[in-house]
Amino acid sequence: MRGTADFVWPGQVLPARKALTCPRLPARPTAHERAAPVLEAVRASCLLDPEIARIWDQISADRLDRSRTSARRFLAKAGERARFNAEQTALTLWSLTGPELYTAHASAGRTADQYERWLADVLLSALWAKP
């Protein structure tokens with residue numbers, strides 16, 4: 001997934017979308033393909049071990065911090081065209097970019113490229129105010 005810093009606004013070319021349509025080398029797995037199975041294993045192990053639960057809580061908190069940074073960048077560009085305030089935008093980003101969502105798409109037979117295209121569409125739809 002490309003960061004929200006790659007987003008540009010209606011009427012302009014969307015570099016993230018252009019990059020998402022470029023073929024990916026099969027030997028180079030995406031961050032989602034590499035990280036999701038590990039993160040899912042950590043999440044699934046939380047009930048078994050309090051230390052793993054603390055690790056998962058930290059991973060989740062770190063993701064939320066990165067989502068807040070992305071939200072601020074998005075809002076700086078979007079201005080009044082943004083649908084939500086900073087915290088709502090951050091929570092939307094955090095919720096929609098969790099490893100569970102990628103894992104669900106992959107288990108349904110979707111490729112990482114298909115997931116990234118879908119996610120870009122969903123994020124743009126969710127974060128932009130309707131004209």
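From the N terminus on, the elements of this predicted protein model run α-α-α-α-α-α. The protein holds six helices and zero strands, where helices (H or I, at least four residues) and strands (E, at least two) are DSSP runs numbered from the N terminus. Residues are numbered from 1 along each chain as its sequence is written, and side-chain values use heavy atoms, with hydrogens and water left out. Because the model is predicted, local features need pLDDT of at least 70 and side-chain atom pairs count only at pLDDT 80 or more, whereas totals for chains, interfaces and linings use all residues.

**Overall packing and surface**

- Of the 131 residues in the protein, 33% are buried; buried means under 20% relative accessible area, exposed over 50%, and partly exposed in between (1.4 Å probe, protein chains only).
- Among contacts with a separation of 6 or more, 62% are between residues 24 or more positions apart; a contact means heavy atoms within 4.5 Å.
- The protein exposes about 8000 Å², of which carbon and sulfur atoms supply 59%; accessible areas come from the Shrake-Rupley method with a 1.4 Å probe, and for residues only the protein chains shown count as cover.

- The whole structure contains five salt bridges, each defined as a side-chain nitrogen of Lys or Arg within 4 Å of a carboxyl oxygen of Asp or Glu.
- One of them joins the side chains of Asp65 and Arg68 at 3.7 Å, N to O.
- Asp65 and Arg68 are three residues apart in helix H3 (residues 50-78), and therefore are separated by about one helical turn.
- Arg68 also forms a salt bridge with Glu87, at 2.9 Å, N to O.
- Because Arg68 lies in helix H3 and Glu87 in helix H4 (residues 86-96), this pair ties together parts that are 19 residues apart in sequence.
- Asp65 is partly exposed at 42% relative accessible area, as are Arg68 at 28% and Glu87 at 36%.

**Salt bridges involving Arg43 and Glu100**

- The side chains of Glu100 and Arg43 meet in a salt bridge of 3.5 Å, N to O.
- This pair links distant parts of the chain: Glu100 belongs to helix H5 (residues 99-107) and Arg43 to helix H2 (residues 31-45), 57 residues apart.
- Glu100 counts as partly exposed at 32% relative accessibility, and Arg43 likewise counts as partly exposed at 35%.
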